[in-house]
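This report concerns the packing of side chains in one protein model. The sequence and the structure are shown first.

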Amino acid sequence: MKKTLSIIALSIIGLGLVSCKKENQQAAAGAEVANITDSTAGATNLAPTAAAPVSTEPAAAAPVSNQPLTSIALSENSFDFGKIKKGEKVEHVYEVTNTGKNPLVISEVKPGCGCTVPDFTKEPILPGKKGKITLHFDSSSFDGNVQKYADVFANVDKAPIKLTFTANIQP
C-alpha cells in the first residue's frame, strides 16, 4: 500500500515538472503576446496568440470577491528579465493603482507554473491608492527563452488580468 502511494506521489510530481517544461518549449517555439487595452476600465491585459494551457478547474475555483466592481491601472503588464543564469531566483514587482471609486480587492494571483510564486497586497486598496503584485521566478528547471504568466483575480470587470514575464536562461 505504501509503495503504491509513493509511486502515485512521484508520478504527480513528475507530471508537474513535465508540464512546466512543455510550457517552456511552447514559449521557446515563438509564442507571442498581443496587447489588448480596455479603454473603459483603464486596464491592459495580455492574451497569448498561441494556445495557452487550459485549466480543467471551473472558473469558480478562483473566486472574485463579492465586492463592488472598480477599475485598475497597471504600471506594466509584461516584464523582461533579460539574460539570467540558470538556477537564479529573480522577482519583479508590478504596481497596481485603484482608478475606480470602490476599494480594490485582489482575491488571488494564480501563476501558470510551480516555478512562479506570487505575493500581493492582501488588504483592500482604496481609490487612488497603490498596491503591489510581486512574481518570484526560479529558473532552475529551464534553458533558453521562457515566457511565464500569472492570472490576477480582483473585483474588476475584466478579471482575470494576465501578468507576463520573459527571461533568457543562460547555462
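## Basis of the model

The model is predicted, so local features are reported only at pLDDT of at least 70 and side-chain atom pairs only at pLDDT 80 or more, while totals for chains, interfaces and linings use all residues. Residues are numbered from 1 along each chain as its sequence is written, and side-chain values use heavy atoms, with hydrogens and water left out.

## The nonpolar core

A nonpolar core is a set of buried Ala, Val, Leu, Ile, Met, Phe, Trp, Tyr and Cys residues joined through side-chain atoms within 4.5 Å. Buried denotes under 20% relative accessible area, exposed over 50%, and partly exposed the range in between (1.4 Å probe, protein chains only). The largest such core comprises 28 residues, and Ile 106, Val 109, Ile 133, Leu 135 and Phe 137 have the most contacts inside it. At least two residues each come from strands E3 (72-74), E4 (78-85), E5 (89-98), E6 (106-111), E8 (130-138), E9 (144-154) and E10 (161-170). Strand E10 contributes the most, namely five residues. Strands (E, at least two residues) are DSSP runs numbered from the N terminus.

Leaving aside residues up to four places away in sequence, Val 109 touches Pro 118, Phe 120, Ile 133, Leu 135, Ala 150, Asp 151 and Val 152; contact here means heavy atoms within 4.5 Å.

## Aromatic rings

The structure contains four aromatic pairs. Rings of Phe, Tyr and Trp (its six-membered ring) pair if their centres lie within 6.5 Å; planes under 30 degrees apart count as stacked, over 60 as edge-to-face and the rest as tilted. Phe 79 and Phe 81 form an edge-to-face pair because their planes stand at 80°, with ring centres 4.9 Å apart. Phe 79 is partly exposed at 23% relative accessible area, whereas Phe 81 is buried at 16%.

Phe 81 also pairs edge-to-face with Phe 165, at 5.4 Å between centres and 80° between planes. This pair links distant parts of the chain, 84 residues apart: Phe 81 belongs to strand E4 and Phe 165 to strand E10. Both residues are buried. Ring pairs join Phe 79, Phe 81, Phe 137, Phe 142 and Phe 165 into a cluster.

## A buried asparagine

Asn 155 is located in the loop between E9 and E10. Asn 155 counts as buried because its relative accessibility is 0%. A polar atom of its side chain lies 2.8 Å from the backbone oxygen of Pro 68.

Terms used: Helices (H or I, at least four residues) and strands (E, at least two) are DSSP runs, numbered from the N terminus. A polar contact is a pair of N or O atoms within 3.5 Å; within protein, one must be able to donate a hydrogen and the other to accept it, and residues adjacent in sequence count only if both atoms are side-chain atoms.
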